[in-house]
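Visitor: I would like to go through the charged pairs and the pockets of this model, and hear the reasoning behind each label.

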Amino acid sequence: MSLTIKLHVTTSYLNLNLNTSKNTTKVANFKVKLRTKPIYHCDPLLSVVSNNSAMHASALPGQPAIRSSLIDPDGGALVDLVVPESKKASKALEAESLPKVNLTKVDLEWVHVVSEGWASPLRGFMREDQYLQSLHFNSLRTQDGSVVNMSLPIVLAIDDETKERIGSLPNVGLLGPNGDLIGILSSIEIYKHNKEERIARTWGSTAPGLPYVEEAITPAGNWLIGGDLEVLEHIKYNDGLDHYRLSPQQLRKEFDRRQADAVFAFQLRNPVHNGHALLMNDTRRRLLEMGYKNPILLLHPLGGFTKPDDVPLDVRMEQHSKVLEDGVLDPETTIVGIFPSPMHYAGPTEVQWHAKARINAGANFYIVGRDPAGMGHPTEKRDLYDPDHGKKVLSMAPGLEKLNILPFRVAAYDNVEKKMAFFDPSRAKDFLFISGTKMRAFAKSGENPPDGFMCPGGWKVLVNYYESLQTEEASQQQAVLST
């Protein structure tokens, strides 16, 4: 098995084939560094104190404070759509005077994404020309003629009543799900929301049961409203996890503070098991062998909408913290943050968005695995997407040429070595593949997975979560029976 890494050099790139059989470090000898005491607490930026003064280098006076030389954001500069403090009062008064558009929870997640620059150079919800480019070409052409990737339409739907209330006015105010004033959408354009076309082109299917479609598209209005976004405050959720929600600017600043010469991003929406850790640690080893001195891992769980049977964000973040406490990943070379985007489960189309957003966050390497952003077909017993297409699409996607793609190496539980290891086809019978579904079934039943599958602290978090669900369900059933 080999790992192909695409390295961008000025206007071209090299293909380096790193054959695992030639590596001096054998997979069978891979060991995770364990620590005797927890060193990870709550703040991913402040939990590690380095004695190396070079790690705390800052910009000189008069120079930009936030800059990463590893990779430029799409469009050349990060978008920041939060209103400056000096203009906040006047903008709030303006927003109050405008006709209002009510945002759903998912809409607010997109406001968060766009306002912080994850979708740079996009500066608001898409107008029709941007929407059509995204829907048909998976990209946007900028004013200078260059192309940036934009595989998912970022749009705001309204109903007939709201459209009529807006009339011909050029600007609208935005209200959050709780009725709080969020911001302004200006120089607006309203156009038809063809839901069937949007669904078919984004998912390659119109089968019933697509989670994001049922949550955010089917119940949405028949019109889309695009325009320039201004947000009155940084979006906060007050759920105890806001300190993990590091913006692209904050991440780039932290990469520079740590003097990273490579940043490799790992997107996930599931708990971290030792197979994930094996992959992430092995990736860092490979980057060191290539000559990088300080590769930093961006462990970046998705924090927006997910389907109901996925493990909730707060539980996942607690589990991730245990992974670092137990020393499975090294906090000194790992940054944990929440990626605020909603999840579409749109396979190869969506994985381009996940990669593009990490460019804007400052990552110049992206790990892609089997069936990224995929799911089982909602009505048939098969995968919705070919599991290999995601990594193939990323290697060819327009606007992602400057990002180095690191294809996943498949890990499974080695019954001989009693640990997670890279799959060896020559002794396939010795390996056990534990799917996310199987993992959840273990946790729900209280049955322990094989030793070495997940760190004990992380597994306990999952078991406690599913036990709490069962207790809650039993209480609800008892309440029904007693009425």
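Guide: This is a predicted model. The structure holds 26 salt bridges.

Visitor: What makes Glu233 and Lys88 a salt bridge?

Guide: The closest N and O atoms of Glu233 and Lys88 are 3.3 Å apart. The cut-off is a Lys or Arg side-chain nitrogen within 4 Å of a carboxyl oxygen of Asp or Glu, so the pair qualifies.

Visitor: Why is this pair said to tie together parts that are 145 residues apart in sequence?

Guide: Because Glu233 lies in the loop between strand S10 (223-231) and helix H7 (248-257), while Lys88 belongs to helix H1 (residues 88-97).

Visitor: Why do Glu233 and Lys88 get their burial labels?

Guide: Buried means under 20% relative accessible area, and exposed means over 50%. Lys88 has 16%, so Lys88 counts as buried. Glu233 has 45%, which lies in between, so Glu233 counts as partly exposed.

Visitor: How do you know that Lys91 and Glu94 form a salt bridge, and where do they lie?

Guide: Their closest N and O atoms are 3.6 Å apart, which is within the 4 Å cut-off, so the pair is counted. Both residues lie in helix H1, three residues apart, or about one turn of the helix. Lys91, with a relative accessible area of 18%, is under 20% and therefore buried. Glu94 has 29% and is therefore partly exposed.

Visitor: What makes Asp239 and Arg245 a salt bridge?

Guide: The closest N and O atoms of Asp239 and Arg245 are 2.8 Å apart. Arg245 has a relative accessible area of 8% and so is buried, whereas Asp239, at 38%, is partly exposed.

Visitor: Which residues are linked in a network of salt bridges?

Guide: Asp282, Arg285, Arg286, Glu289 and Arg409 are linked in this way.

Visitor: What is the space in the largest pocket, and which residues lie nearest its centre?

Guide: The largest pocket holds about 1300 Å³ of space. Its lining has 42 residues, and Asn270, His276, Arg370, Asp371 and Gly436 lie nearest the centre.

Visitor: Which elements each supply at least two residues of that lining?

Guide: They are strand S11 (262-268), helix H8 (274-289), helix H10 (347-361), strand S14 (365-368), strand S16 (411-414) and helix H12 (436-445). H12 gives the largest share of the lining of the largest pocket, six residues. By class, the lining of the largest pocket has 21 nonpolar, 12 polar and nine charged residues.

Visitor: What is the volume of the second largest pocket, and which residues are closest to its centre?

Guide: The second largest pocket has a volume of about 760 Å³. It is lined by 34 residues, and Lys105, Glu109, Tyr237, Asp239 and Arg245 are the closest to its centre.

Visitor: Why is the second largest pocket said to lie between domain 1 and domain 2?

Guide: Because domain 1 (85-231) and domain 2 (242-471) both give residues to its lining. Helix H2 (105-116), strand S9 (181-192) and helix H9 (313-325) each supply at least two residues of the lining of this second pocket. H2 provides the largest share, four residues. The lining of the second largest pocket divides into 15 nonpolar, seven polar and 12 charged residues.

How values were computed
Residues are numbered from 1 along each chain as its sequence is written. This is a predicted model: local features need pLDDT of at least 70, side-chain atom pairs count only at pLDDT 80 or more; totals for chains, interfaces and linings use all residues. Side-chain values use heavy atoms; hydrogens and water are left out. Buried means under 20% relative accessible area, exposed over 50%, partly exposed in between (1.4 Å probe, protein chains only). On a 1 Å grid over the protein atoms alone, a cavity is a set of points where a 1.4 Å probe fits but cannot get out, and a pocket is an open set with protein on both sides within 12 Å along at least five of seven lines; lining residues have an atom within 4 Å of a point. Grid points are joined across faces, edges and corners, and a volume is the space filled by probe spheres set on the points. Ala, Val, Leu, Ile, Met, Phe, Trp, Tyr, Cys and Pro count as nonpolar, Asp, Glu, Lys and Arg as charged, and the others, Gly among them, as polar. Domain bounds come from an automatic or database domain assignment.
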